Structures are given as structure tokens and as C-alpha cells.
Amino acid sequence: NLERFSALDAYNLTDLSGLNGLPKLKEIYLSQTPILSSPNSCLSLEIFEAKECYLLRDISGLDNLCHLRVIDVSGSLVERAPVGCLSLSSFKAFEAPNLNNVLGLNYLENLKEFFISQANITHAPVGCVSLETFFAGFVTNLVDISSLNSSTRLKKLIFTHTQVTEAPRNCISLEIFQANQNPLLNDISGLSHLPKLRMINVENTAVRYAPVKCSSLREFHARNAHLLNDISGLKGCRYLSEIDIEGTPAKQNHQNIITRRKAWQ
């Protein structure tokens, strides 16, 4: 009748096979345990959190669990996301350098949160129509997030230290775009006309132009975006209160916009 299993800082726990097939088990919480694999056939499982389980590599036992909502395998050696978890709403894999396959997340209609860092993927998941937050930090091989185009529920888009060159388009609910430290990023025209966008951070990128008609924009950070020379698109942003364009050609080219912003404060 076990419904919840927790083993935090259980340094001697190496085997979870005793949990295999438990029909009522809904939640598993682990941290810093030297397990190698997840349990199998826990058909009622809803939450699997295995943080800093530094030897964990195999989570195929989570495949096709139709009730599974939350997966967190941060600090592990997991190589691929599970497949067939149709109820999954949150996937987290911070500091997961072996993660190279997230195809199992494609077309998951309930996925709202996607967080990875130091992973080895090249493309964002496809067809996640409910996605609200996308985070990819130090994912140095990530080259394409165009699958996020027209993600109408996406609110927070954060990616740093990637090879992405272009912002996605038509994300009409987007509020935060943080893409600093992406040296190849050069096109953010897809952010134009987004009515809810409040913050843009393109520091240390190759962006040349600010987007236009972001009516709710409050912050624009582009420090050391060394090619940025045109921020005229910001003129219609009546709520804009923070502009940082130090180290860009635009600082001299558009001094009038900076002066006006100071007058608002």
C-alpha cells in the first residue's frame, strides 16, 4: 500500500528494485543516492524526483507511465527523456551533461515546464502546445528553438551559452525573453508586436536591432551587444524604465531615447 517513498541523502541506497510494480506508489523523492536506474512498472507513479543522484543513468522504467506528471533528474547521468508519459507537465534536468535525447517529450500536450542545463541536445522539443517556461542554460550545442514558434502559452524563454541565432516568432503570451551570452544570436525580430513582453535581455549577443511595438516592455538589457546600433523600435514603449546599452554603438546613436527614459523616472 506504499504511496510515497523518500530517501534523501541516502548514500548507501543503490537499488530501487524493491519498488518495482508497487501498484499504489505515487511519489518518489531521492537525493544524493548512488542508484543506477529508476524502478519499473510503478503504474500509479506521478512524481519522480532524483536530484544529485550522480550515478543515475537509466530511467527507462518511467516509459509509458500515463500518470507521471513531474520528473527531476538534475545532477545525474541520464541520457534520454522517457517516452510515452502523456500526463507529464514538468521536466527538469539541471547539470545533466549526458542528456542528449529529449525526443520523448515531443508532442506532450500537458508539458508546461522544461528546464535543462549543461545538456547535450541540439533542438528544443516539438509540439508542446502547453509550454509556459523554457530554460536552457549552458547548452552549448543547442542550435534550433524554432519549434517554439507560435507557442501561444509560452511566458518565460531563457537560454544562455547556446548556438541559437534567432528568437522564435508569434509567442503572443511571452513576458520574459532572456538570451544573454549567446554570441551567435542576431535576429530578435520575432519579438516585435508581442503585447505582454516585459523584459528583454540580449547582453553579449550579435543582435543589431531592437524589436518594435512591444507595448508592455519595461526592461531592455543589451550591454556589450557589440553590433547593436538601432534601438528606434523602443520609442513606442511607454512603460520602458530600464535601458542598458553600455558597450554598444546604439548608446551614441540613440541618446535621445536614453534621455527620454531618464525623464520618465
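Why does leucine 55 count as partly exposed? Leucine 55 counts as partly exposed because its relative accessibility is 34%, the term covering values between buried (under 20% relative accessible area) and exposed (over 50%), with a 1.4 Å probe and protein chains only. The model shown is predicted, so local features need pLDDT of at least 70 and side-chain atom pairs count only at pLDDT 80 or more, while totals for chains, interfaces and linings use all residues. Residues are numbered from 1 along each chain as its sequence is written, and side-chain values use heavy atoms, with hydrogens and water left out.

**View 1. The loop that holds leucine 55.** Leucine 55 is placed in the loop between strand S3 (47-51) and strand S4 (70-72), where strands are DSSP runs of E with at least two residues, numbered from the N terminus.

**View 2. Glutamine 32, a residue with positive phi.** Glutamine 32 sits in the loop between strand S2 (27-31) and S3, and its phi is near 50 degrees, a positive value in a residue other than glycine. Glutamine 32 counts as partly exposed because its relative accessibility is 27%.

**View 3. Asparagine 204 in its loop.** Asparagine 204, found in the loop between strand S10 (199-201) and strand S11 (219-221), is not a glycine, yet has a positive phi of about 55 degrees. With a relative accessible area of 29%, asparagine 204 is partly exposed.

**View 4. The contacts of phenylalanine 134.** When neighbours within four places in sequence are left aside, the residues in contact (heavy atoms within 4.5 Å) with phenylalanine 134 include Phe114, Leu142, Ile145 and Lys156.

How values were computed. Helix = DSSP H or I, 4+ residues; strand = E, 2+ residues; numbered from the N terminus.
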